[in-house]
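User: Can you walk me through this model? I have a few quick questions.
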Amino acid sequence: MQYNIKLVSQWAHDRGLTDQTNDALRSQFIKGVEEGGEISESVLNRDKEGLVDSIGDELVVLTIMCINVGLDPENYIKRVRCDELAKFDSFESAVSSVEALEICCQYNMWLGGLARAIAKQEAISQHVTLLVHNLNQLSTLLCVDIGECYRTAYNEIKNRTGRKVDGVFVKDE
């Protein structure tokens, strides 16, 4: 994942998304809430492709947020296998489990904690760690490779054109 972190970091820098300001952080947080909603939506709709896309997009957002506050994303965006959650042999069998819904709910709870930290201008490192761990849990449970999610997201955005609007990259249609 380190290679993808470097690519995503450069992509974000090239598009002016790496300002170390609270406004830039808030803008990325809003994008992260959108992606978090898409994660839950993908689980509820049993949409594996949507899940891979939204987890990857969320990792991109978290990478940019790390940069926005001066954290090295390589210390936070990590693959961690959660063997205790590797109990299913396919996405289809796992996605309807209670655990999948619980992890989605927990993810949204961690997003709330991140929101409070940003609003109070407090450190976000602990919150990023919790969110990435939660994404690792979800990807393990749902038999999805989190590294592939990140690669897929980068491959989708790498040639994207657009402009920065209120601190968020808005792609050209």
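User: Start with serine 54. Which residues does serine 54 touch, leaving out those up to four places away in sequence?
Analyst: Serine 54 touches Glu35, Glu38, Ile39 and Ser42. Contact means heavy atoms within 4.5 Å.

User: Where is serine 54 placed?
Analyst: Serine 54 is in helix α3, residues 48-68. Helices (H or I, at least four residues) and strands (E, at least two) are DSSP runs, numbered from the N terminus.

User: Is serine 54 buried or exposed?
Analyst: Buried, at a relative accessible area of 0%. The cut-offs are under 20% for buried, over 50% for exposed and partly exposed in between, with a 1.4 Å probe and protein chains only.

User: What should I know about the source?
Analyst: This is a predicted model, where local features need pLDDT of at least 70, side-chain atom pairs count only at pLDDT 80 or more, and totals for chains, interfaces and linings use all residues. Residues are numbered from 1 along each chain as its sequence is written, and side-chain values use heavy atoms, with hydrogens and water left out.

User: Switching to cysteines. How many disulfides are there?
Analyst: The count is 0. The rule asks for a pair of cysteine sulfur atoms within 2.5 Å.

User: Now helix packing. At what angle do α2 and α5 pack?
Analyst: At about 170°, with the axes 10 Å apart; α2 covers residues 22-44 and α5 residues 98-119. Axes are lines fitted to C-alpha atoms, for helices over the stretch in contact, and angles run from 0 to 180 degrees between N-to-C directions. The pair is roughly antiparallel, a label for angles over 145 degrees.

User: Which residues meet there?
Analyst: Among them are Leu25, Phe29 and Val33 in α2, and Leu101, Tyr107 and Leu111 in α5.

User: What about the overall fold?
Analyst: The protein has 7 helices and 2 strands. Along the sequence the pattern is α-α-α-α-α-α-α-β-β. Buried residues are 48% of the 173.

Conventions. Parallel < 35°, antiparallel > 145°, perpendicular 65-115°, else oblique.
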